[in-house]
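Subject: Handing over a structure

Hello,

Here is the structure I promised to pass on. Please have a look, then read my notes below.

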Amino acid sequence: MNAAHIGELLAILGAGLAAGAVNAVVGSGTLISFPVLLATGLPPVTATVSNALGLIPGSISGAIGYREELRGQRRRLLKWGAGAVLGGLSGAALLLTLPASAFERIVPVLVGLALVLVVLQPLISGKVSSRRARKGKPARPDGGPLLLVGLTLASVYGGYFAAAQGIIYVALMGMLLDDSLQRLNGAKNVLVAVVNSVAALFFLVAAEFDWTAVGLLAIGSAAGGLLGARTGRRLRPAVLRAFIVVVGTVAIVQLVLR
């Protein structure tokens with residue numbers, strides 16, 4: 001085993017660690033790990049499916065790290081999770097049937113729109129709450145059909161590419177729910193774990209993996225998810241929102257220049 005090969009293995013392990021940490025706090029970890037896999041010579045589809053499977057442990061450990069914030073969310077997570085399963089499978093099927101460039105133009109627009117919603121979330125939430133108060137309608141704890149449809153469509157995108165899907169989830173939930181950003185972040189980690197898992201199961205029978213890359217990403221992302229959750233839970237809402245915007249902006253630049 002030569003030094004160059006060892007360097008590639010360490011790079012994939014480090015990318016998994018970083019991606020797991022960033023995914024737990026914000027999302028967009030795929031934009032760290034996916035380019036590293038491509039740089040090692042993996043074909044784009046093989047890199048995509050290997051990345052999806054390898055980052056599952058990070059999504060799960062990130063959700064575990066947010067277990068306190070997840071208390072009381074079981075009922076709505078079951079409902080959203082059903083949509084995530086449907087969306088994740090649909091996105092995975094699209095990945096294997098559509099050309100690789102199918103989402104290239106729309107992805108930066110989606111992420112940019114999500115960032116605008118994250119920034120405006122306090123204002124939007126305040127206006128929605130005031131409107132509900134005037135009409136005497138209590139807030140629905142699950143966001144209603146509109147949020148379910150939005151999260152399901154976001155899951156289709158997540159099953160297809162996954163870059164910044166967490167930001168889109170947080171933006172949608174923040175706009176339609178009267179809840180803390182940290183609790184929404186915990187819910188986001190669960191949905192990402194569901195989408196990645198069902199997409200990876202689909203890929204297992206329909207696509208080719210690089211199992212070395214999968215294993216290294218899994219080890220790195222599992223540790224990174226716990227580290228990211230520990231750090232993210234300590235951030236004040238304004239700081240967390242700013243971090244989401246910074247990471248999302250970097251993601252947009254990377255997607256446009258790629």
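Helix H9 is largely enclosed by the rest of the structure, because 11 of its 12 residues are buried. Buried means under 20% relative accessible area, exposed over 50%, and partly exposed in between (1.4 Å probe, protein chains only). Helices are DSSP runs (H or I, at least four residues), numbered from the N terminus.

First, the ground rules. This is a predicted model: local features need pLDDT of at least 70, side-chain atom pairs count only at pLDDT 80 or more, and totals for chains, interfaces and linings use all residues. Residues are numbered from 1 along each chain as its sequence is written, and side-chain values use heavy atoms, with hydrogens and water left out.

Back to H9. Its buried residues include Tyr169, Met173 and Leu176.

Met173 also matters for the core. Along with Trp80, Met173 has the most contacts inside the largest nonpolar core, which has 57 residues. H10 gives the largest share of this core, nine residues. (A nonpolar core is a set of buried Ala, Val, Leu, Ile, Met, Phe, Trp, Tyr and Cys residues joined through side-chain atoms within 4.5 Å.)

Trp80 is buried in H6. Trp80 touches Met173, Leu177 and Leu191, among others, not counting residues up to four places away in sequence. Contact here means heavy atoms within 4.5 Å. Cover for the buried residues of H6 includes helices H3, H5, H8, H9 and H10.

Lastly, Pro35. This residue is found in helix H2 (residues 30–39). Pro35 is partly exposed, with a relative accessible area of 29%.

Best wishes

Terms used: Helix = DSSP H or I, 4+ residues; strand = E, 2+ residues; numbered from the N terminus.
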